[in-house]
Amino acid sequence: MALNTLAENAERLSQRIQETLQEKTRDFTKTAAASYLDATDLDRPGELSKLLNSASDREKLEGLKRVIAMISKNRNASAHFAQVVKNVASPNLEIRKLVYIYLLRYASSEPDLALLSINTFQKDLRDPNPLIRAMALRVLSGIRVSAIGSIVALGIKNSAVDSSPYVRKAAALAIPKLYQLDTTHLPALMQTISVLLRDRSPLAIGCVAVAFNGVCPDRLELLHQHYRRLCKMLVDADEWGQIHLLDLLVRYARKMLRRPSDGKSQTDEVSQDDEEDGDAQLDPDLDLLLQNARPLLCSRNPAVIMAVARTFYYVGPATEHHHIIEPLLRQLRVSEEVERVLLEDLCLIAARSPDLLRSYASRFYIRARDISPVKRTKIRILVSLLAPDNGHTLLREFKDYVVDTDDTLVGDAVWAIGRCAQIVPETTDSCLAALTMLIRSSNDAAVAGAVIALKLLHQLQSTGSHPSSSKSLNVVSALAFHFDGIQNPRARACILWMVGQYCRRPDGTLPSVQEMPAGLIRVEPWAPDILRKAVKSFKDPASDVKLQTLTLAAKLFVVASADKTIQLLARYVFSLARYDSDYDVRDKGRFLTSLLRGVAGGVYKQEGDEDKEEAQEGVVLRAAQVEHVLFTGRVMPQGEETWFTRFDTLGTASLITDQALPGEELRKLPEWPDEGTDSSLRDTEDELPAAPFYAGPLPVRMPGIGNQALGSRRGTPSNAMTPVVLTPGGGSSPAGSAPKPGIAKPQFMDLDDFFKSEDEEDDDEDDEDDEDEDEVEDEDDGETRGNDDRHIDSQRRQAAPTVAFALPTTSRSAPPASRPSETQSDDPSSPWNEGSKSDGEDSSEDESEEEEDAFLRRG
């Protein structure tokens, strides 16, 4: 029978090994083209249903893999819901995993069928395998059916105290899902979070931070008792858990801890005294966070490094900010995606703290393989790092970028040249020369950028309405000369504004063209011709060009009101503006027409009473007043591109998208409190000072052997404790351990002698017991003997540990206690007779009388 059973087991094992080998062989021989994700016939008619309904686990697994592949390719697999769900209780772990994945995808679309498997999930929550328990809770919380909210809450509560950290991790991740499904469970979830915050497993603590941020992000006072432990667990937590823990601890520090000693925010300057005394006055709890976060700068995960950089930047003193620069720059070489994200954060750091990155300016030079957004971000960073010591170097870089094939980069490079002239005055002449050369470029983007940059420079450097130097006036005339070749609307509008602003000749200067009409003596020779070209192309749809054309016409009309040609051009362009389709153009035309009524009788002075609107009474300004309004009341150019349009929180996605995203409000940090909370709130029982250690000899009291301490001598009261002093083998005896005069030495010095004497007594007493068994029946003597036995047993339990504690142990077992005569020694100083001298003497006399009576009866 046993042989048959063994043969059957061997046959089953052989079949199982053969199936396993076939599965492994098929996996090894499978090519990329034959994989599930690349297959096009995953749902052949009838074949997939046959696999799912098969009795073989191998075929079921094959069918489920095809179903999951269909889901990954965004193909509808809901038709197989019933066939998949019936395998939810399969003993095969791989099958059950795929069923759980399928349910997470389609449980919301088929809630009625998903509820049929609830009992199975509840049963799996008590499965001995922690992986099954965690997967069951994950799927149960992923079913978006409000009817099972109570069941999920109970499962989370039980799993929160599970012995497996993997199950507790699943419970923490299920809490935000249940809260989003039904907010009425908030009190129970808060209690569960309080329990999970005490978790000491690095595997689960990161998910606990996720649950806290998802349910009660503002209840930071719940972290008082756990703050220091969470800081110490940072290094041991998993990578993504470290990110959430750092986010939570940073918000706690900003709300509960004292501001760093420098007293500055991340955008303020740090004084020299603050730098010297910063570390000495740093909050100990804040320093604990920084010290435990610093090792994470060596993490292999760029997201962890970014989280640590955010921690140092927003809660650390300014003297600690330099620690984050090298790790961030090192991550730029990881991948293009990481580079794209980190450059936005570095751009924000460069805008607020340029000194941190100024020595690394060469790391941000543009490479040919960089994508367009990366190029633009690097240009912004380089502009922020401009300083007198690197201005000429960066200017050469900007000039090289102008010849790039990317028009976006060309425009940004031209703008950077203009910014260089503003930030570093020593480079102004070089920048103006470079921008003037770009006007003659064939690249429209370069020309438009150069014109806009020149306009801004002239606005900032000019005094009054005249250029600050002859070089600047030559630049304006060069722009006017190239007006016909510039087609960009913004560039044409800029040229019209500059021509109008600098069309007046300074007082006391003679015109360069002697044959100019008398009415144009105060006007530069190129200004009227630019007005003529602008009026000729007034029909163009660009509103900016039309508005600047009206402004130029009004300025020339004020300066050269006596010239007939200027009057005709102004009247013509204002007539066109009155009937323009753009209401901004119409409104500005009416405004300028009313403003010019006091200059040479107005624009329409020869039309008589034709236009009653222009003849209305009102305030009329003189020519000098109108000239002052038009030329000295200028404002900064409108529509200029700004480099830093959004200063948001470091480490957020809104830096890239330039718009608020859902969930980003949690990333906003609270302001520092005036005074931090009391540090005693963060004390725990583990951190309380330990009791002082008593170095002297302590009394040894062992439970279960009476009140008398080990090592006590005869006559010593039970409440008087005597220290036990152990003597190392081969060493000298401690003081007080040597025998003293007047004290009897014990008979037995080791266990071998003691057990040998016990064996001899046992032999003698056994013979006497056989003879006296039927003769001795006296009730009084039996009671006395019983009392003596109990008393001696008590003494033996007290004395036996003393011998075993002081002498080396042997393999012999102690003899059983039967009678007082078997255990007690004749020596009165023996430890077995301690505290029972009178009882022993009475017992010996009774035994002698009994032996005599027995001898006489036998005789």
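This is a predicted model: local features need pLDDT of at least 70, side-chain atom pairs count only at pLDDT 80 or more; totals for chains, interfaces and linings use all residues.

Reader: Does Ser-108 count as buried, partly exposed or exposed?
Author: The relative accessibility of Ser-108 is 47%. Buried means under 20%, and exposed means over 50%. Ser-108 therefore counts as partly exposed.

Reader: How many Å apart in space are Ser-108 and Val-145?
Author: In sequence, Ser-108 and Val-145 are 37 residues apart. In space, C-alpha to C-alpha, the two are apart by 6.9 Å.

Reader: Are helix 5 and helix 8 roughly parallel or roughly antiparallel?
Author: Helix 5 covers residues 93–106 and helix 8 covers residues 130–142. Their axes come within 9 Å and cross at roughly 15°. Angles under 35 degrees count as roughly parallel. Helix 5 and helix 8 are therefore roughly parallel.

Reader: How many residues of the contact of helix 5 with helix 8 are charged?
Author: Helix 5 brings Leu-93, Arg-96, Lys-97, Tyr-100, Leu-103 and Leu-104. Among the residues they meet in helix 8 are Met-135, Arg-138 and Gly-142. The contact of helix 5 with helix 8 divides into nine nonpolar, one polar and, as charged residues, three.

Reader: What is the angle between helix 10 and helix 12, and what does that make them?
Author: Helix 10 (residues 165–181) and helix 12 (residues 202–215) pack with their axes 8 Å apart. The angle is about 10°. That makes helix 10, relative to helix 12, roughly parallel.

Reader: How many nonpolar residues does the contact of helix 10 with helix 12 have?
Author: From helix 10 come residues including Pro-165, Ala-172, Leu-173 and Tyr-179. By class, the contact of helix 10 with helix 12 has one polar and two charged residues, and its nonpolar residues number 14.

Reader: Is the crossing of helix 28 and helix 31 left-handed or right-handed?
Author: Helix 28 runs over residues 543–559 and helix 31 over residues 623–632. Their axes come within 10 Å and cross at roughly 145°. The crossing of helix 28 and helix 31 is left-handed.

Reader: How many residues of the contact of helix 28 with helix 31 are nonpolar?
Author: In helix 28, the residues are Ala-554, Lys-555, Val-558 and Val-559. In helix 31, they meet Ala-623, Val-626, Glu-627, Leu-630 and Phe-631. The contact of helix 28 with helix 31 has no polar residues, two charged ones and, as nonpolar residues, seven.

Reader: Which side chain does a polar contact of 2.9 Å join to that of Asp-580?
Author: Asp-580 lies in the loop between helix 29 and helix 30. At 10% relative accessibility, Asp-580 counts as buried. Beyond its neighbours within four places in sequence, Asp-580 is in contact with residues including Phe-538, Val-585 and Arg-586. The polar contact of 2.9 Å joins the side chain of Asp-580 to that of Lys-546.

Reader: Which residue caps the N-terminal end of helix 16?
Author: Seven of the 10 residues of helix 16 are buried. These buried residues pack against helix 13, helix 14 and helix 17. At the N-terminal end, a side-chain oxygen of the cap lies 2.8 Å from the backbone nitrogen of Asp-285. The capping residue is Asp-283.

Definitions and conventions: Residues are numbered from 1 along each chain as its sequence is written. Side-chain values use heavy atoms; hydrogens and water are left out. Buried means under 20% relative accessible area, exposed over 50%, partly exposed in between (1.4 Å probe, protein chains only). Helices (H or I, at least four residues) and strands (E, at least two) are DSSP runs, numbered from the N terminus. Contact means heavy atoms within 4.5 Å. A polar contact is a pair of N or O atoms within 3.5 Å; within protein, one must be able to donate a hydrogen and the other to accept it, and residues adjacent in sequence count only if both atoms are side-chain atoms. Axes are lines fitted to C-alpha atoms, for helices over the stretch in contact, and angles run from 0 to 180 degrees between N-to-C directions. Angles under 35 degrees count as roughly parallel, over 145 as roughly antiparallel, 65 to 115 as roughly perpendicular and the rest as oblique. Ala, Val, Leu, Ile, Met, Phe, Trp, Tyr, Cys and Pro count as nonpolar, Asp, Glu, Lys and Arg as charged, and the others, Gly among them, as polar. A crossing is left-handed if the near helix is turned anticlockwise from the far one by less than a right angle, and right-handed if clockwise.
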